[in-house]
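Have a look first, and then we'll start.

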Amino acid sequence: MKDQAQSLSFDLADFLPFQMSVISSRLFGRVMEDAGFQVPEWRIMMALPSNQPCSSHDLCILTAMDAARVSRAQRRLEDLDMISVIRDKSDRRRLVVKLSDKGHVEVMRLKSAAHAAESKMLDALGPEDRAQLKTAISGLFEKL
C-alpha cells in the first residue's frame, strides 16, 4: 500500500497562501527597509494613527498579533522614540500607547512608501482586475 503522504500531490509554488505570504513579505520588505522595522513594528506604527491613544491589548487586536510580539515591538519602537508607552492613571495594569512627534513623521513616510509599493505591484493589473482582487482579498480577510 502506498504511503498516503506520497500519494498527495502538493506544489508549494501553487499553494495560494504561500504565494500571498511571499508577495506580502517582498512588499513589506521594500516598504520597511529604510526604516529598519520588522513587520510587528510596522503594524503597530500603521495602526496607531487612527486608534491612539490605545492600550497594548487593543494593539494585539488591531494588529492580529499576540501579546508577547506586541510587547517586544513596543519596546523597540519606544527605544527608537517612535512611540510613548505610559501607565493608565485610572488602571495601573493598562499601558497606553501613542505616537511620538518623531513617530508621526515616520508614519507619514511609511504611508507614502506603502502606497507607492502597492501601486507599483498593482500596475501589472488593469482596473477591473484590481477591483476583483481587492474584493476577493477583502472577502477572505473578513472570514478569518
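Q: Where does Ala64 lie?
A: Ala64 sits in the loop between H4 and H5. Helices here are DSSP runs of H or I with at least four residues, strands are runs of E with at least two, and both are numbered from the N terminus. A quick word on the model: it is predicted, so local features need pLDDT of at least 70 and side-chain atom pairs count only at pLDDT 80 or more, while totals for chains, interfaces and linings use all residues. Residues are numbered from 1 along each chain as its sequence is written, and side-chain values use heavy atoms, with hydrogens and water left out.

Q: Why is Ala64 called exposed?
A: Exposed means over 50% relative accessible area, buried means under 20%, and partly exposed is in between (1.4 Å probe, protein chains only). Ala64 has 66%, so exposed is the word. Its backbone also has a positive phi of about 55°, although Ala64 is not a glycine.

Q: What makes Asp81 partly exposed?
A: Its relative accessibility is 42%, so Asp81 counts as partly exposed. Asp81 lies in the loop between H5 and S2, and has a positive phi of about 60° without being a glycine.

Q: How do you know that Ser100 is buried?
A: The relative accessible area of Ser100 is 13%, so it gets the label buried. You'll find Ser100 in the loop between S3 and H6. Leaving out residues up to four places away in sequence, Ser100 touches Asp81, Met82 and Ile83, where a contact means heavy atoms within 4.5 Å.

Q: Which residues does Ile83 touch?
A: Not counting residues up to four places away in sequence, the partners of Ile83 are Met45, Leu48, Gln74, Leu77, Glu78, Val97, Lys98, Leu99 and Ser100.

Q: What makes a set of residues a nonpolar core?
A: The members must be buried Ala, Val, Leu, Ile, Met, Phe, Trp, Tyr or Cys residues, joined through side-chain atoms within 4.5 Å. The largest such core has 25 residues, and Phe37, Ile44, Met45, Leu48, Leu59, Leu77 and Ile83 touch the most other members. Two or more residues come from each of helix H2 (16-32), helix H3 (39-47), helix H4 (56-63), helix H5 (67-79), strand S2 (83-87), strand S3 (95-99) and helix H6 (101-122).

Q: Why is the pairing of Glu41 and Arg76 called a salt bridge?
A: A salt bridge is a side-chain nitrogen of Lys or Arg within 4 Å of a carboxyl oxygen of Asp or Glu. Glu41 and Arg76 meet at 3.0 Å, N to O. The pair links distant parts of the chain, with Glu41 in helix H3 and Arg76 in helix H5, 35 residues apart. Glu41 has a relative accessible area of 5%, so it is buried, while Arg76 has 33% and so counts as partly exposed.

Q: How many salt bridges does the structure hold?
A: There are five. Among them is the one between Arg109 and Glu106, at 2.8 Å, N to O. Both lie in helix H6, three residues apart, about one turn of the helix. Glu106 comes out buried because its relative accessible area is 13%, and Arg109 comes out partly exposed because its value is 30%.

Q: Which residues form a nonpolar patch on the surface?
A: They are Leu16, Met20, Leu125, Leu133, Ile137 and Leu140, with about 470 Å² of accessible area together. Patches take residues with over 30% relative accessible area and no salt bridge, joining like charges within 9 Å and nonpolar side chains (Val, Leu, Ile, Met, Phe, Trp, Tyr) within 5 Å. The areas come from the Shrake-Rupley method with a 1.4 Å probe; for residues, only the protein chains shown count as cover. H7 gives the most, with three residues.

Q: How many helices and strands are there in the protein?
A: Seven helices and three strands.

Q: Why is the protein called more spread out than a compact globule?
A: The globule rule is 2.2 Å times the number of residues to the power 0.38, and the radius of gyration is taken over C-alpha atoms. For 144 residues the rule gives 15 Å, but the radius of gyration is 19 Å, well over that, so the protein is more spread out than a compact globule.
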